[in-house]
Amino acid sequence: MRDASPQTIYLKDYTPFGYVVEEVHLTFDLAPSATRVTSRIKFSPNPDATNKTFFLHGKNLSLIAAKIDGEAVKPKLTDEGLTCDVPNVPFTWEAEVQIDPAANTALEGLYLSNGMYCTQCEAEGFRKITYYPDRPDVMSTFSVRVNGPHPVLLSNGNPVASGDGWAEWHDPWPKPAYLFALVAGELVAHRDSFTTMEGRKVDLALYVRPGDEGKCAFGMQALKDSMKWDEDVYGRAYDLDVFNIVAVDDFNMGAMENKGLNIFNASAVLASPETSTDTNFERIEAIIAHEYFHNWTGNRITCRDWFQLCLKEGLTVFRDSQFTADMRSEPVKRISDVIDLRARQFPEDQGPLAHPVRPESFQEINNFYTATVYEKGAEVIRMLKTLVGDEGYSKALDLYFDRHDGDAATIEDWLKVFEDSTGRDLTQFKRWYSQAGTPRVAVTDSFDNGTYTLTFEQLTPPSAATPEPQAQVIPIAVGLLGPNGDEVLPTQVLELTKDSQSFNFPGLGAKPVPSILRGFSAPIVLEHTPDHAFLLAHDTDPFNRWEAARNLGKASLISAVTKGSAPDAKWLDGVAGLLIDDTLDPAYRAYCLALPGQSQLAADLHANGTTPDPDAIWDACESHRQALAQRASDALPDLYTRHQVHGPYAPDAEQSGQRALGNAALSLLTRLDSGDMAQAQFDGATNMTQQLAALAYLIRAGRGDAALAQFEAQWKHDRLVMDKWFGMQVIEAKPDDAADTAKALTKHTDFNWKNPNRFRATLGTFAAHHAGFHAKDGSGYTLLADWLIKLDPVNPQTTARMCSAFQTWRRYDAIRQSMIGKELERIASTPNLSRDTTEMITRIREG
Ligand code: 0A1
Ligand code: ZN
């Protein structure tokens, strides 16, 4: 329901809660529409707080009874919670409330998913379970009793006792309410164990619905690998006797790090070779690691308030990316992270939704689980590590864990451990946390008397969030190549701190070619047009070599769009050369083949003052792929054959790289043989990576109907595979057909629109089809707006997230802008629009 006046919360207004919570006891009597929650909570006055108002959050709760020290009380109730007179000494609060999990379609608080009870409390879901100070700086131990007829009854911490129809749990580690979890259902467990470096034997279990047992082994191994890695690399051991993971079908996000009881979107944990692609496997491994790593960065040290979200998320994303780089390939992981950053974070930082990594105000915190907080937050930590070095980083992290274990901490605390352990002043560096916007760095150079000079000018475009950006500390990793391609200066890190700054490199025999921003050492836009073909041939930095291929391709695509030019022969030759260079990792070569995303081309055109035409961008990408297929036609059949994996399937880096390159070759071959080889791969596929890729190419070649029908018949019973079937048809549709295809799929009997995975597979994928979504007649905008309006009362969180499809609207021509503007207005004027969606649409329209 719409709040009468959506309230804005400010970081500067933080004050501590007036009471300390000593312990929490909860009893759940589960019933689908009438669950009873009884709480017994010991409070005492907080000596550090001046405001002693006793306010407990509470939403959609029916209060049955409340007592203080055993005496019935009558609190004052509002839509947001209650207030009550309380004694100025320690006291016990007791309350009984009734809630309705069956009616909870927002998937926040306690809800039902296929008959299974589960919870999602981050950020502010606990208040939908009982009255409580639902803020991350209030931490307590929890004891929980669950009464219900289900064979599996779980909560946080260690099991205490259980019997027929009940179970008791105790979590000895003080935690904020957002980490509370409960699960009850008919589930089966895949079990294992792990002994920590401290000698603690931990029972591990992955709980799934009957039928999914065969999809657990990979996730379990990823969990054990993560536990070992955190010990080896960060010296952090696990701290309970059990670690449970539960897979649920209905979930708004990827997964949740509840203490000792992680709850996962089934898509982020269940995997088998027949049903999951290599990309799925890698994502699952990363998400399991991410949630596990939160045990130290998030749970043992949590956030003081939600403005500090990046304290746990930026750091944990950084840690999971280090883990993936260690488990797989560092350069390949870096390339894939940068692709993701540019695709998701740059548009946010450069549009109306721009906000600092640590925002200073919000209306609905759920709207700030963003690529800026997560991915840019991780980039900021990566820069910090580059600046202080590996040893400095590791000393600072040890101090962070020593000093803040058990705390609800802030970004100031985080930076202070780096200052105290390394002696470095981070005052200017802190701007990365307080300023929105992507810095643009322009480069010029000169050569005089053996000295080469590089001059950098940084400029962050002003935004509503940061009207007057100031110079940031930007670590720029640079190497120099001689005219013959040899490296004359290995990588060194320059620290840019001023608006304009020059660096000299004396003692050179000839003017070098610079390789700048190696490894993408800072999340910026580099404005520099060196000889990309030269760098593509000679750069020793794998990231910049890939970047050179991408820059060549991008320049060629842009001139195809703006001038109608043919694909650049230098790009064709360079990429064709990489393709057959067997000294290079196949996964890396597959990335070198990929074109920049169409939405990013639109952003680049816009940045250069050209209004992007989505159809022209689509055509340019098609003609470039066609030209590349022809240019590499001699090599492709052999490349395809040589990268077929024989023997049993493994989702490891080696095999998945082979399949990635084999499929990239097949994708091009399909343009030459009209899909005969793709059909053969589809017919003979023994794993989802090959089956799904072949299906995509067949659809693209205009002969996908039979394969689609066969795929549906084969996988009708498997929800996660059917999500792929829905998504694939949309993303592979021709621009003119995309809206009709998506619309037809929303009428399919298996289109369960209340399931976030299915909704995203269909409409989220549609919004990602650049030319389809931006179809000239506006049908794409209307289709998405219709569905957002329909979903909002059911699931505001997923609706609000998907509004970001409109965030780039000011890039496009006046007619498109006017059509989008009308749809935004239509959404905004929907009666009872949620606070989540209202905030998003308002920011998109006003920014
Ligand atoms: N903390 C989780 C992400 C998450 C956030 C909010 C959720 O519901 C609103 C669910 C999960 C993570 O970083 O994995
Ligand atoms: Zn996280």
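**View 1. Strand β16 and its antiparallel partners.** Strand β13 (residues 152–155) is joined to β16 by 4 bridges, and the two run antiparallel; two strands pair if DSSP finds at least two bridges between them. Helices (H or I, at least four residues) and strands (E, at least two) are DSSP runs, numbered from the N terminus. Ser 155 stands opposite Leu 182 in β16. Strand β11 (residues 116–120) also runs antiparallel to β16, with 2 bridges, and Cys 118 has Val 183 as its bridge partner. In β16 (residues 182–185), Leu 182 and Ala 184 point one way, Val 183 and Gly 185 the other, and all are buried. Buried means under 20% relative accessible area, exposed over 50%, partly exposed in between (1.4 Å probe, protein chains only). This is a predicted model, in which local features need pLDDT of at least 70, side-chain atom pairs count only at pLDDT 80 or more, and totals for chains, interfaces and linings use all residues. Residues are numbered from 1 along each chain as its sequence is written, chains are lettered from A and ligands numbered from 1 in the order in which they are written, and side-chain values use heavy atoms, with hydrogens and water left out.

**View 2. An open sheet of 3 strands, β4-β8-β7.** The pairing is antiparallel. β4 (55–57) and β7 (76–77) stand at the edges with a single partner strand each, so one side of each has no neighbour in the sheet. β7 and strand β8 (residues 81–83) are joined by 2 bridges, and Leu 77 has Leu 82 as its bridge partner in β8.

**View 3. The salt bridge of Arg 319 and Asp 230.** A salt bridge is a side-chain nitrogen of Lys or Arg within 4 Å of a carboxyl oxygen of Asp or Glu. The closest N and O atoms of this pair are 2.8 Å apart. Arg 319 lies in helix α3 (residues 309–327) and Asp 230 in helix α1 (residues 217–234), 89 residues apart. Both residues are buried.

**View 4. The salt bridge of Arg 719 and Asp 249.** The N to O distance is 2.9 Å. Arg 719 belongs to helix α19 (residues 719–731), and Asp 249 to the loop between β19 (242–248) and β20 (255–256), 470 residues apart. Arg 719 is partly exposed at 33% relative accessible area, whereas Asp 249 is buried at 9%.

**View 5. The salt bridge of Glu 285 and Arg 328.** The side chains meet at 2.8 Å, N to O. Glu 285 lies in helix α2 (residues 278–293) and Arg 328 in the loop between α3 and α4 (330–349), so the pair ties together parts that are 43 residues apart in sequence. Glu 285 is buried at 6% relative accessibility, and Arg 328 is buried at 15%.
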